[in-house]
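Q: I have just opened this structure and would like a short walk through it. Can we start with the charged pairs?

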Amino acid sequence: LRPLRNRWGSQPPDSYGTTYSTTADQANRSFVLSSSITDAANRGVIEELIIADCDVPGAFLHNRLTRDMTGGHQIVTRLPHDLIDKRYAGKLCEVTGCQYGMKQSNAVFAADLRKTLVAGGYAALPSDDCIFIKWSKSNPLNKSVVSTHVDDFSIIVNHDDDDLYNDFVSIIRTRYGADVPFNKVSEGICGVHLIRNSDNTVQLNVSKYILKMLTKYGFDDVDAAIAPSLELLFFVDPESPALSEPRAKMFRRVNGSLIWPAAIRFDIHKEVSFLCSRNVRPTEQDLDKQVHLLRYLKGCPNLGPVYSSAPSSDGSITVVAEGD
């Protein structure tokens, strides 16, 4: 018998194998979105483009936990002592299904999801094995592209093809339950807000994340800046004092928070990259540059790429602007 947690509070290393989280790369997700919009615009069906999403509740609980997933060990855990049903309070029980908190649960669900989608006729893209595609049998121009992010999915059907959309809904609900919620008109997933404008352009932004981050780091009452950096961004002053370790730790923590919005906010790429390069020995000058970037985000949290819905002469993909 192996307890789920040892005396240090962590899962025994020999009770799990490879662990990973399946998340489509944001750049690939954006490409799928922009290419789908361009295709629909050039075919004259932009009004019928479906951009949907869904979330599988309790995703990890749908898979059995077999001995080949636990290194051959039987896994046991102790139930809480304050259970209402006192017959089971504090009792040891065998863990026979994947649970949240178990290191292998994510990988087990990812393998099961892949098996489910492949059985349903989907194939992973060579460029990103977390994005799946299925072509319509009745019209080879129509396709469904699904970007997976653990248990959240973004679904794009490049034509109002209810057969493709309903087929995906059926695949997921047959395997993971009839109560899996779907939003046929997506407002975004994984912290990326999606806005479909009246002219059928589509904007992405991470405004909610940015505003929450600014509040977390105490910027609610700080004045905004009009540019992400000043002209001396890449100048490193050797005379600038090094930050104390507590302040350096906070500097690195803020940089970690900035990495996610940088995946959408192209206007802060170089600033975030530079600041992260200063993580080893940040100085007062580096902190000033970081504060300036946060002040800039304070003034324009809603910026993000806007994908054109206008047909192009050569079928190219166009990002028309970054703005509200």
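Q: How many salt bridges does the structure hold?
A: The structure holds 11 salt bridges, each being a side-chain nitrogen of Lys or Arg within 4 Å of a carboxyl oxygen of Asp or Glu. This is a predicted model, where local features need pLDDT of at least 70, side-chain atom pairs count only at pLDDT 80 or more, and totals for chains, interfaces and linings use all residues. Residues are numbered from 1 along each chain as its sequence is written, and side-chain values use heavy atoms, with hydrogens and water left out.

Q: Which residue does Glu94 meet in a salt bridge?
A: Arg67, at 3.7 Å from N to O.

Q: And where do Glu94 and Arg67 sit in the chain?
A: Glu94 is in strand E4 (residues 92-94), while Arg67 is in the loop between strand E2 (50-55) and strand E3 (75-78). They are 27 residues apart. Strands here are DSSP runs of E with at least two residues, and helices are runs of H or I with at least four, numbered from the N terminus.

Q: Is Arg87 buried or exposed?
A: Arg87 is exposed, at 60% relative accessibility; buried means under 20% relative accessible area, exposed over 50%, and partly exposed in between (1.4 Å probe, protein chains only). Its salt bridge partner Asp85, 2.7 Å away from N to O, is partly exposed at 31%.

Q: New topic: which element gives the largest share of the lining of the largest pocket?
A: H1, with 5 residues. Helix H1 spans 26-43.
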